[in-house]
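Hi,

Here is the model I promised to pass on to you. Please have a look at it first, and then read my notes below.

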Amino acid sequence: MSAYLSQLRTELALASRQSEQLLVSLGIPLLVLVFFSSVDVLPTGTDEPIDFLAPGVLALAVMSTSLVSLGIGTGFERTYGVLKRLGASPLGRGRWIAAKITTVLVTEVAQWVVLIAVALGLGWSPPGSGWIVAIAGALLGTAAFGGLGLLMAGTLPGVATLAAANGLYLVLLLTGGMIIPLGELPGPLAAVAKVLPAAPLAEVITGSLTAGASVAPWAWISLAAWAVAAPLAAAALFRWE
Amino acid sequence: MPLPGDQPGDQPGPATGASPAPAVLPGEPPGEPAVQVEGLVIRYGEVVAVDGISFRAEFGQLTVVLGPNGAGKTSMIEHLEGYRPAAGGRSTVLGLDPIRDHHRLTASVGLMLQQGGVPTAIRPAEVLRQYAGFFPHPRDPSELLERVGLTERARTPYRRLSGGEQQRLSLALAVIGRPRVVFLDEPTAGVDLQGRDLIRELVRELRAEGVCVVVTTHDLDEAEHLADRIVIIDHGRVVADGTPAELTSSASQDHLLFGAPPGLDLASMSERVGASVVEVAPGEYRVEADPSPTMVAALTSWLAEHDMQLADLRAGRQRLDDVFRRLTDERSQR
């Protein structure tokens, strides 16, 4: 337990110190939320843009932290031999991955607290009943994107992980139904987006936190498949050096 | 002088009332060497990096593994650290298999990688406290920081430390868990003189505490000054193994070494001194014959005729680098 706590303390300290990671995990979702709810240029399909944007950025925050922050951070740790060095200590892989997961979850909770507070301040009024479902979706999304982040971190050089994670982030941001509704995309693109992990995550969170809406079944299937497949692929292919 | 934190008086509280000595692994047979390697083979695909190495390293001794770059030192030590599986042979660390029993060994083995291993944004005090948290009876992080001369840099991010400071921090990480066996891969590479002295002093203290220390280096001076036992390896094989005194006296002495400007006319000189002369390195020569006064006289007269300076001249007892150069040369010429 103390080895896990010791590692967790280090992970949290490092996560809070990486300003470029803070920009991605909090800066961009906040910017999207505040800017596009004030400047109504997006085809959100709702009367108030905030009603679509608020759940969208909650999904975006999950993707930012578990794909980009976790992937890039771990990728550089692997490149710099940090993982190799830890492998020779009594910490062990189990406690290492537990500390990583805890750090991602703590970061996501902090992101959600800030984003929800700002969204409520901007006039968002979500239904009270959808939160359990939204949190379940966020946990599945964390598994899916965390698996993808670790898969890149464990197979690509640090700089390649940086490029791949940021590139994927941008593509999924635009096609994932987080700031632009899936219905606005051309049919074939929307069909592809549904089998990628971002759109189902956004659908689950948006569907559960929008009054009168529900979550489409395809979203659960797609998201659950990613939540199982990505961590398994990462576990199988991850190289520690 | 033991490391700070070693005196029982330094450790208040019942938790540290336990023996400050590193824990003995259960089931460790008495009298076993700390590290034993027998016929170790390590391959990377078709390339054989380690080709049947055998040696032992004892508790309370400093074993230096010496060899040129690419000799297989790091592959071998990374096997003992639990990173590289063996393609053949058998090795034990504290009586256990370094790969199969890796998790049982981590609490008793300390190591220093050739480079890196520390997050660039972390501060020395933080990373020492982090690793201290992994071990049951760690040394005190702040005392250890003081011991390696990094107290002033305790809050400087790792990436802004000098190469020598990074190495000293890495050494502190290697010993924070009170290991019984310590592997140091090129510990003084890129370290300034002051840092080098500090690292050597710490290593001697570990030895005095009964720790088995295995150091790889290609620095002959380091080997000669530190080692209780030297294992010279080249092209993945052991070419010599013994105490520094054994290595320098047992090797054959039927030659004379001298330094002079590079590129001498070896044929002409060989004819004069009556024995074969080879240039073993630019400006360093070896005469393949028993050094006699007559031969030395012939040598110096040849140099005088050709108006060449004699830089140095050695007969009899050899220096370690002579042994090393000859042994590693012989193999590469084979």
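Phe183(B) has Val214(B) as its bridge partner in S7(B). In the neighbouring position of the record of pairs, Leu184(B) is partnered by Val215(B) of S7(B). S6(B) and strand S7 (residues 212–217) of chain B run parallel and are joined by five bridges. S5(B) also pairs with S6(B) in the parallel sense, over four bridges, and there the bridge partner of Gly110(B) in S6(B) is Val182(B). Strands here are DSSP runs of E of at least two residues, helices are runs of H or I of at least four residues, and both are numbered from the N terminus. Two strands count as paired if DSSP finds at least two bridges between them.Before going further, two notes on conventions. This is a predicted model, in which local features need pLDDT of at least 70 and side-chain atom pairs count only at pLDDT 80 or more, while totals for chains, interfaces and linings use all residues. Residues are numbered from 1 along each chain as its sequence is written, and chains are lettered from A and ligands numbered from 1 in the order in which they are written.

Back to S6(B): five of its five residues are buried, so the strand is mostly covered. Val181(B), Phe183(B) and Asp185(B) point one way from S6(B), while Val182(B) and Leu184(B) point the other way, and all are buried. Buried means that 20 or more other C-beta atoms lie within 10 Å of the residue's own; exposed means 12 or fewer, partly exposed is in between, and C-beta atoms are placed from the backbone.

These strands belong to an open sheet of six in chain B, with the order S5-S6-S7-S3-S8-S9 and mixed pairing. Strand S5 (109–112) and strand S9 (237–242) of chain B are at the edges; each has a single partner strand, so one side of each is left without a neighbour in the sheet. On average, neighbouring strands of this sheet are turned by 15 degrees against each other, direction ignored. Helix H5 (residues 163–175) of chain B lies across S5 and S6 of chain B, at about 170 degrees to S5(B). For such angles, axes are lines fitted to C-alpha atoms (for helices, over the stretch in contact), and the values run from 0 to 180 degrees between N-to-C directions.

Glu186(B) is buried, with 22 other C-beta atoms within 10 Å. Asp307(B) has a positive phi too, near 55 degrees, and is likewise not a glycine. Asp307(B) sits in the loop between helix H10 (293–305) and strand S13 (312–314) of chain B. Is it buried or exposed? Asp307(B) counts as exposed, with 7 C-beta neighbours inside 10 Å.

Chain B also has an open sheet of three strands, ordered S2-S1-S4 with antiparallel pairing. Strand S2 (47–57) and strand S4 (88–93) of chain B are the edge strands, and each has a single partner, so one side of each is left without a neighbour in the sheet. Helix H1 (residues 73–80) of chain B lies across S1, S2 and S4 of chain B and runs at about 120 degrees to S1(B).

Chain A is built from ten helices and zero strands. Its radius of gyration, taken over C-alpha atoms, is 18 Å, which agrees with the value near 18 Å for a compact globule of 241 residues; the globule rule is 2.2 Å times the number of residues to the power 0.38. The C-alpha trace of chain A spans about 55 × 35 × 30 Å along its principal axes, and 49% of its 241 residues count as buried.

Finally, the two chains touch: 21 residues of chain A are in contact with 20 residues of chain B, contact meaning C-beta atoms, placed from the backbone, within 7 Å. Helix H1 (2–17) and helix H4 (82–87) of chain A each supply at least two residues of that side of chain A, and the largest share, nine residues, comes from H1(A). This side divides into nine nonpolar, eight polar and four charged residues. Here Ala, Val, Leu, Ile, Met, Phe, Trp, Tyr, Cys and Pro count as nonpolar, Asp, Glu, Lys and Arg as charged, and the others, Gly among them, as polar.

Best wishes
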